[in-house]
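Subject: Structure handover and notes

Dear colleague,

I am passing the structure below on to you, together with my notes on what was found in it. Please read the notes with the structure open beside them.

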Amino acid sequence: MSSNPKTSTKPQRQPLHVAGEVWLDCNDVAFLGEQRIALLEQIAARGSITQAAKALKISYKAAWDAVDAINNLAPAPLVATAAGGRGGGGARLTDEGRRLIAAYRTIAAEYRRFLDGINAAMGDPGAALDLLRRLAMRTSARNQFIGRIVAVTARTVDAEVLIEIQGGQRICAGVTNESVESLNLRPGRTVWALVKAVAVGIAREPDPAASPGTNCLCGLVQRITRGDGPAEVVIALPAGVTVRGVIAAEVLEHLGLAQEAPACAVFAAASVIIGVDN
């Protein structure tokens with residue numbers, strides 16, 4: 001009497017597969033990947049951030065935040081916007097924006113061919129492969145600037161670090177002397193300057209009586225987002241950089257701010273967090 005061999009229920013081992021995504025970095029900060037490239041392409045095609053957001057099925061605010069981040073971190077602005085209010089106005093790519101899209105698409109195509117070759121060579125399901133992945137920093141700070149340290153002034157227990165951001169405007173950060181040493185903060189070094197939006201006040205003009213160390217970045221109101229609680233005000237600075245603050249609705253009404261009106265973002269040096277890449 002014979003019997004059928006038992007059928008194994010052990011799951012079959014699947015081969016490893018290498019995958020990845022291309023990001024363009026500026027000063028070692030990843031700022032332009034597939035999703036943001038798609039947003040830029042839609043802006044180029046439709047001439048509107050609002051319409052680009054609808055085409056990609058993302059929120060209007062998410063699209064604007066992405067454009068702000070791109071323009072703030074890029075060597076030069078990639079998107080130029082025109083006034084028109086929520087749902088209005090227009091947007092277009094700059095020459096730099098079109099150049100970077102073309103460069104990204106060329107690099108991404110070559111990268112896909114590279115991955116196809118790697119995966120074709122990984123026929124052995126038992127092969128061991130160590131994959132190195134770069135960690136991307138995520139932060140709750142809505143204002144993120146790339147800048148260069150121009151001066152470090154040490155005092156008894158703390159120091160003032162003066163940072164020049166895009167457009168030539170400067171930010172003063174207050175840090176401990178220990179941080180200056182451990183982060184190797186020195187003139188000429190490229191750093192991140194992070195400021196939470198809730199720490200940023202909004203004024204119509206600089207206050208000549210402001211205390212030393214108070215930062216004041218002035219420009220034109222790009223947009224105002226109102227909600228059930230506080231309002232968010234985004235101010236466009238020179239060189240396409242933006243800064244945002246959160247203020248009470250009644251304060252906003254008192255200031256009488258509107259789109260394209262002059263305004264200043266005000267925040268203390270102690271509110272600035274300095275980040276380095278290594």
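Helices (H or I, at least four residues) and strands (E, at least two) are taken here as DSSP runs, numbered from the N terminus. Tyr60 and Trp64, for instance, both belong to helix α3 (residues 60-73), where they stand four residues apart, about one turn of the helix.

Before going further, please note that this is a predicted model, in which local features need pLDDT of at least 70 and side-chain atom pairs count only at pLDDT 80 or more, while totals for chains, interfaces and linings use all residues. Residues are numbered from 1 along each chain as its sequence is written, and side-chain values use heavy atoms, with hydrogens and water left out.

Overall picture

The protein has six helices and 14 strands. Of its 278 residues, 37% count as buried, where buried means under 20% relative accessible area, exposed means over 50%, and partly exposed is in between (1.4 Å probe, protein chains only). The accessible surface comes to about 16100 Å², with 53% of it belonging to carbon and sulfur atoms; these areas come from the Shrake-Rupley method with a 1.4 Å probe, and for residues only the protein chains shown count as cover. If one takes the contacts (heavy atoms within 4.5 Å) between residues at least 6 apart in sequence, 63% of them join residues at least 24 apart.

The aromatic pair and the helices around it

The structure holds one aromatic pair, and Tyr60 and Trp64 form it in an edge-to-face arrangement, with 6.4 Å from centre to centre and 70° between the planes. The criterion is that rings of Phe, Tyr and Trp (its six-membered ring) pair if their centres lie within 6.5 Å, and that planes under 30 degrees apart count as stacked, over 60 as edge-to-face and the rest as tilted.

Tyr60 and Trp64 also take part in the packing of α3 against α2: the contact is made by Ile49, Thr50 and Ala53 of α2 and by Tyr60, Ala63, Trp64 and Val67 of α3. The axes of α2 (residues 49-56) and α3 come within 9 Å and cross at roughly 115°, the axes being lines fitted to C-alpha atoms, for helices over the stretch in contact, with angles that run from 0 to 180 degrees between N-to-C directions. Lys57 is placed in the loop between α2 and α3; its phi is near 60°, a positive value in a residue other than glycine, and Lys57 counts as exposed, at 77% relative accessibility.

The cysteines

How many disulfides does a search of the whole structure find? The search finds one, a disulfide being a pair of cysteine sulfur atoms within 2.5 Å. Cys218 and Cys264 form this disulfide, with their sulfur atoms 2.0 Å apart. Because Cys218 lies in strand β10 (residues 214-225) and Cys264 in strand β13 (residues 262-268), the pair ties together parts that are 46 residues apart in sequence. The torsion about the S-S bond is about 100°, so the disulfide is right-handed. Cys218 is partly exposed, at 26% relative accessibility, whereas Cys264 is buried, at 2%. The sulfur of Cys216 has its closest cysteine sulfur in Cys218, at 3.6 Å, which is too far for a bond, and Cys216 is partly exposed, at 30% relative accessibility.

Contacts across the sequence

Gln166, in the loop between β6 (158-165) and β7 (170-176), counts as buried at 17% relative accessibility. Leaving out residues up to four places away in sequence, Gln166 touches Asn72, Leu73, Ile146, Pro238, Ala239 and Val241. The C-alpha atoms of Ala239 and Gln166 are separated by 6.2 Å, although the two residues are 73 apart along the chain.

Ile37, in helix α1 (residues 34-46), is buried with a relative accessible area of 0%. Apart from neighbours within four places in sequence, Ile37 is in contact with Leu32, Ile101, Tyr104 and Arg105.
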